[in-house]
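Reader: I would like a close look at a single part of this model, followed by a connected account of its surroundings.

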Amino acid sequence: MEPDFDVLIVGAGVVGCSCANQLSKYELKVALLEKESDVCAGASKANSGVVHSGIYSQPGSLKARFCVKGNELFPAFSKELGIEFIRMGKLVVARNENEEPELEELIKAGNRNRVPGLEFIDEEKLRKLEPNIQGQKALWVPSAGIVSPYQLTIALAENAKVNGVQIFLNTEVRDISQKNGYFVVKTNRRELRARYVINCAGLYCDAIARMVGIEKFRVYPCRGEYLILDKSLGHLINHMIYPVPEKGSGGLGIHLTPTIEGNILIGPSAEYIPDKEDTASTKKAMNWLLEDARTFLERLPKDAYIQSYAGIRCKLVPEGSNKPGDFLIEEDEKLPGFINLMGIESPGLTAAPVISKEVVDIIQKKEELIPKKELKTWRAKQRFDKLNLDAKEKLISENPNHGHLICRCEKVTKQEIIDALNNPMGVRTLAGIKYRSRAMMGRCQGGFCKPRIIKIMEDVYNPDAEEITLRGEGSFLFIGKTKDLRRHDNKEC
Ligand SMILES: Cc1cc2nc3c(=O)[nH]c(=O)nc-3n(C[C@H](O)[C@H](O)[C@H](O)COP(=O)(O)OP(=O)(O)OC[C@H]3O[C@@H](n4cnc5c(N)ncnc54)[C@H](O)[C@@H]3O)c2cc1C
């Protein structure tokens, strides 16, 4: 029996989507399997969005090599996908003399990793660059940049999709075996056969490996919590502001990171936790994040944040380990065609374009891959709010939906909601619209626009409002019509 696919990719985070996008450039039948209702459901949507420089990675490690290369590739990579990337630079700030020796260590590692342009700056220059930041000395890292991690992941998936990759959402891989030389992948929906399986399951990479008898990996989840500051405070910093990292803490320390959209992120904390699904925001960490951020930025108001979130690091080393842990990217020696991508923690977002090229190289060493003659490109439209007045007027005269503002905080129009609903993957959840249009991401967090968006969803593809979900299966927004319920026994209300 012929296999259904040449390559099955398990997990649609930034790494799986980047692999799908790379492989879509060749004459191959590729499928991407994701257990959640949309791509970018794991660490890829809940991180700092930093395109790292490579100063933190152990010289000689895969992390160092892939990070520096990824950083170099990012301008072209983001241009190819039509998404924004800003190389704004970062300052690693020593708050007192005790932290200065650690800065020396960082510049040494950075130079060994060939990170360009590193230099120390004194307090006076720091004040000029960042008048609101308190610090004594800083390491200037000009190559560090920012990107929207969900825009990136969605763009990778959508381009893969228009170039023939089949994307199966709500599809959880439950078992993998081998039969007649193929991998047989059982999911909650169907069984698929393929010649190659690429394990990009992030936090669950160990579980996927165990399905084929590879027992040697264990993931230690380490939660990182964040606060998002209101855009009105975006002017407080001009660059990314990082502390000197504390050795063995599991993270890089609480930093202040501007986002592509103009907010500032505070975080992440670093806490090893037993449960891979526990993305709670805790009062303890939220208080601590604010307190720590105020040691850099005294002017930070205590009630300045509009939202919190948490991402979980996929660590291959346990708490307290003095080893930094590295990426592991390999075809299993006993299972030809089974490619494991393990421990893809930070800087995995930065390294994604390089990791996916590495995967293509592994396959290319085994067989000749024929590039497709023609590739299609899918571009999300430019945000209406970012257009000039003439362009806005022209669009409104062609289609009045462009002149109908739905999300007041993020300035998202009705047409942008409709465009988000018409995405190539057919994702029709409220969260799917949020990540594609930015509606509901502003100060009021959807308080004003959510009902309007639901009305547009009803008008555009005609679902019953009770079928609309936040994030797919089980996450219904409504339990019924209030008038209907009042007539019945309303215990559920
Ligand atoms: C707090 C934090 C901050 C970070 N900051 C940065 C940063 O600033 N810069 C940077 O470069 N990196 C950063 N990283 C790292 C970066 O986010 C990750 O390396 C990257 O997102 C990993 O992508 P991934 O695709 O491997 O994993 P994920 O995004 O976790 O994707 C894995 C996917 O697999 C799916 N899946 C799992 N099991 C199954 C199954 N059985 N069947 C089907 N699907 C399955 C999941 O639902 C998920 O969607 C950070 C990470 C964290 C947690």
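Which residue in E8 is the bridge partner of Ile86?

Author: The model is a predicted one, and in it the bridge partner of Ile86 is Ile146, which belongs to E8. Strand E8 covers residues 145–147, and its pairing with E4 is antiparallel, extending over 2 bridges. These two strands belong to an open sheet of 3 strands, ordered E3-E8-E4, in which the pairing is antiparallel. Strand E3 (50–51) and strand E4 (85–86) are the edge strands, each of them pairing on one side only.

Turning to the domains, the assignment divides the protein chain into domain 1 (1–83 + 146–219 + 316–380), domain 2 (90–142 + 221–273 + 280–313) and domain 3 (384–484). The ligand lies between domain 1 and domain 2, because both of them give residues to the shell around it. Of the 39 residues around the ligand, those that come nearest are Gly11, Gly13, Gly42, Gly202 and Gly348. Helix H1 (14–23), strand E18 (305–315) and helix H8 (348–366) are the elements that give two or more residues to this shell, whose make-up by class is 18 nonpolar, 15 polar and 6 charged residues.

Technical notes
Residues numbered from 1 in each chain as written. Predicted model: local features only at pLDDT ≥ 70, side-chain atom pairs only at ≥ 80, totals over all residues. Near = placed C-beta within 6 Å. Helix = DSSP H or I, 4+ residues; strand = E, 2+ residues; numbered from the N terminus. Nonpolar A, V, L, I, M, F, W, Y, C, P; charged D, E, K, R; others polar. Domains from an automatic or database assignment. Pairing = 2+ DSSP bridges.
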